[in-house]
Amino acid sequence: MRCLLFLALLLSFSFAKAQRPFLRDIPLTESGAPVRVNDMVFDATGSLWLGTAQGLLRYNGRTVTEEPANSARRPVSALAAQGNVIFVGFEEGHVLVLYGNKARRLFSAASRITCLLPAPFGLLVGTAGDGIALIRSEGIYRLTTESGLSDDYVNGLALASVSSAPEPETRLVAATDRGITVIRAEAGRLRSTIINTRNTPALGDDIVRVVRWQPGDPAGFVGTQAAGFRLLKIGKEDWTLTSFPSWAGGQINDAVLLPGYQRFIAAEGGLFYQRRTGMNSNDDPVFAGRSVHRILRSATGNVLVATSEGLSFLTAEYLEHIDVGPSYNLRNLSALAADRTGTRWFAQDKALFSFDTGTRARLRYTAPESITSLYADIHDRIWIGTLGGGLLCMKDGQVHTVANVENLRGGHILHIAGRGDTLWVSSLNGVEELYIPSAGTCAQRALRHHGRASGVGSDYIYQLYPDRRGHLWMATDGAGLAMWDGSRYHRWDSSSGFAPRVVYSVVEDELGNIWAGTLENGLLRWDGKTWKTFRREHGLQSNTILSLAALRDGSVVAVNEGGADQWLPESSEFRQYSRRMGLHIDSFSTVLNAMVMDTAGDVLVPYEHGFLIIKPAAQPPDFGPRIALRTVELFFKPVDTTRHRFAPDENGIGFRWEGVHFASPERLHYRYRLRGYGQGWIETGDESVTFPRLPAGRYAFEVEAALGPDFRRAARASYAFQIAAPLWKRWWFWGTVAVALAGIGYALLRRRDHARQRLATLQQARLRAEYEGLKSQVNPHFLFNSLNTLMSLIEEDPTAAARYTGQLADLYRDTLAFRSRDVVALGEEWAVLQKYLYIQQSRFGEALRVETNFTDDVLRDRRIIPLALQLLVENAIKHNEVSRAHPLTISITATAETVTVRNILRLKASPERSTGTGLDNIRNRYALLTPKTISTSRNDGKFTVVLPLL
Amino acid sequence: MFKVESAQVSFFSKAPKELIEASSTDLRGVLDLAKGSFAFTVDIATFQGFNSPLQRQHFNENYMESAVHPLAQYTGKIIESLDLSRDGVFPIRTKGKFTVHGVSIERIVPCTVTVKRGKVSLHAEFIVLLLDHRIKIPRVVYDKLAPEIAVTVNATLVPRS
């Protein structure tokens, strides 16, 4: 008894503490040294950007990174986000826009940037002394006191919706040091209205620090420097202000408004929050002693708080706790109940206590045996189940023993449940259904017995749960789950394919699904047709569920020994409450079904250090993870992410991504694949991958983040790119090469054939010339004449005869020597011709005259085809009369270009038979060698042949 | 347009081991009621009344570095509208740039303006945190110099001709 008193005393002290949210500081620096956070904003992928006194930081739920865009660590005073674009305002007075890995300066002012507001018509910038700037693509517009602003020191900006306007209308609202300015655009002009303490005394203070309009909310939030906050409703021409008189929190800096009039207010004196039960600014603030600059609600329902000391978060929206102090432990709390007045009852061994929020726990009763279960009915009776002492009933402080039901007398009670006038009590002998009249006494009457004998399958019922349709659900030991619909039993056990034999608890959620918590078989959900099982791989911390509760927001809380999991229907994920949250939530009660929902809809879960209070969310949390591809790397160097094409040798592509989750970052799983590379999903714990030698082709890199290994609800980021094929791997290149080669080959062949043909013709012509030459020289006439001449010479002048014979031999040798040559120098040809002429003149004497006119230069430098002159001279002698009476004169003259052979025409009366090939042969040979042509003419009794020189 | 006619600026440092008190009458300044703006300046070196001449030397040379940062300044605007043509006591707030030791911070300083038979006087009390102005306290004198200095300003203003 003494011990119990001591215990009660201990509890009394501890329970004086109010219900508080959990809060945790997030270290921003390596050393954990405080950093003043001025502003923060979420980007499109859910990362939190922080504008601090030491520059720009980013937080993804696990790590804080310094943003390279502000490597100079200049103090950031304002931030805003619009899609993927981040706007950064600096204390020095300029505004930067960040897009991907690019940064650009947008604007510069002489004073600090106080706030940034991206609006559909441009970016609005508030400054500390230079009014408002509107930045549009075509230019910057200024709004100052001269153009109607209440003061040039702007503290905050908001876009407000006009209440009671038939069409949606928006106003720009500026909070300044001298009141509020409401600005509207009208017929292309700005019209401003000033709200200050002179025209609206209810404002209370002219220094207005913050204005916030929630989309769809008729009234906006106005926070002042010295007079707390107001609600401002803006009409088409007028406005109404609602004031809240008492405020002791100091200067207001920010507010987050949640549905149901829940709001968080950031002030110089700390963070204040208004619960649905009503604002009480005299409550101790959270973070007292720190100046709170900015608050944001994360998608998972945490409230992020930027303070003069750094970044913190607060679980106020979904989770609070009542701390019982470190010297006490609620793990052996055995039963818990809440009555209709909001008073909570709990039992610890034989002692029964009650407490209200903010009050001390009171010892109300000490039972003869250990208390195992509690139930508070709607008529203020507390039904107490004991271990060996049967069922007790407490009414107005008086305790009665239920003695008239045979099965309960002195029994071991496992669970008590009720609905309306019906009470169900589970003991080792099965379930007794009792009628409890509303008369307000502890009187009751046994109605029915449920148990093995009646068809439940087991007499050992861990939990009884009457659902909204009036069906009684029974969680049994050994026989699965049973349900009494008022006329018959429905059973789910091994015979009907229901795996769990032991069901500890059962509950109906807001949507009408039945949930069953089992021993080692996880959590099951019955939608009326099928059972769906959730186990560890789906996000549960344990497959053994000790207690279940359903919240008004549709969520279901499942408690295990080490923590609790909350099923969030909108996100289809479990939120885990565990020691990993860093909130000192360690061990939970090991007692089955020691959990209760109070009249406010909050669920109380006892854990080692006190009670967790899980609250229905004002706004369903978005618990899905996010993922962002941070960098694309080419050979380990970041490239512009808007680039999607790479050259053939740029084939080492790497990716860095980042999963974002603020509640359970440790649960993030990643997998990636490279489409186009013939690769399936690859799971990884890393946040980067490199593909070192990618062949040319089109690829799409995809990476997913999920909260569990099943990737059921995964967030995905992707990046498509292309590596160009090398030149020698493209079809058109080969096509071009083939066509070019064919062309060249054809041309070469043509040329070769042509040359060969010409050569052949030339050869032929040359041979023919040679033949003609030789033929003429072995012509019987020529030989006969030559030999006759020689004979007469031998007689007359033996010396001349010898010379003649020499010349004749030379002539034949030279003719033969010329046969392999296409062209000869004119001098060489002349030399041969002289020998020929010597022979002929020896025969004809004075009757054959040859006149020549050419210079040595021409003889040496110009060339002619061999035997051409000889053929012409031979023709002249052959066709013309050569006699003393009519001597034949042949003139050979050469210029630099031509050689001309001319003779007087006196044809023989009986011409020698001519083959007619001499002249044609010369013509053909010239044609093969040169485009120049030979010309022949016959006039003035002269025959002239002009040969071009080469 | 008003200017300071006479004034006294005092500060108190209440450290565990030592109480330091000094004051200066060298406050200069103007108040422009039409614009609602003001500017006040005091020369640090003019503070008198330390516990010892050595202490005064330390104050000027070690803490305030008055050779480098000779002036303390407060310039800004008056939030509440002020009408000095009638007698009365007007509590007002001033907001502006407060510069000490070369470090400017933005402050809101409450102030009481009293008009009595046409004579305008103002009174203000505020705290200066040494940390805010990067005034370093040597470890040796940690318990002799308080981290918070209480400042009191009393001034009478006359219309500027």
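Biologist: How many bridges join strand 44 of chain A to strand 45 of chain A, and do they run parallel or antiparallel?

Modeller: Keep in mind that this is a predicted model. Four bridges link strand 44 (residues 481–484) and strand 45 (residues 489–492) of chain A, and the two run antiparallel. One pairing there is Trp484(A) with Tyr489(A) as its bridge partner.

Biologist: What's in the turn of that hairpin?

Modeller: Four residues sit between strand 44 and strand 45 of chain A. Gly486(A) is in that turn, with a positive phi of about 105 degrees.

Biologist: Switching to helices. How do helix 4 and helix 5 of chain A cross?

Modeller: The axes of helix 4 (residues 798–817) and helix 5 of chain A come within 9 Å and cross at roughly 140 degrees. Anything over 145 would count as roughly antiparallel, so helix 4 and helix 5 of chain A are oblique to each other. Their crossing is left-handed.

Biologist: Which residues make the contact?

Modeller: From helix 4 of chain A, they include Arg803(A), Tyr804(A), Gln807(A) and Leu811(A). Helix 5 of chain A brings in Val832(A), Lys835(A), Tyr836(A) and Ile839(A), among others. Those four from helix 5 are also among its buried residues.

Biologist: What span does helix 5 of chain A reach?

Modeller: Helix 5 (residues 826–844) of chain A has 19 residues and reaches 25 Å from first C-alpha to last, close to the 27 Å expected. Just after helix 5, Gly845(A) takes a positive phi of about 60 degrees.

Biologist: Last one: is Gln722(A) buried or exposed?

Modeller: Buried: its relative accessible area is 19%, and the cut-off is under 20%. Gln722(A) lies in strand 65 (residues 715–723) of chain A. Leaving out residues up to four places away in sequence, Gln722(A) touches His644(A), Arg645(A), Phe646(A), Gly697(A) and Arg698(A).

Note on methods
Residues are numbered from 1 along each chain as its sequence is written. Chains are lettered from A and ligands numbered from 1 in the order in which they are written. This is a predicted model: local features need pLDDT of at least 70, side-chain atom pairs count only at pLDDT 80 or more; totals for chains, interfaces and linings use all residues. Side-chain values use heavy atoms; hydrogens and water are left out. The expected span of a helix is 1.5 Å times one less than its number of residues. Buried means under 20% relative accessible area, exposed over 50%, partly exposed in between (1.4 Å probe, protein chains only). Axes are lines fitted to C-alpha atoms, for helices over the stretch in contact, and angles run from 0 to 180 degrees between N-to-C directions. Angles under 35 degrees count as roughly parallel, over 145 as roughly antiparallel, 65 to 115 as roughly perpendicular and the rest as oblique. A crossing is left-handed if the near helix is turned anticlockwise from the far one by less than a right angle, and right-handed if clockwise. Contact means heavy atoms within 4.5 Å. Two strands pair if DSSP finds at least two bridges between them.
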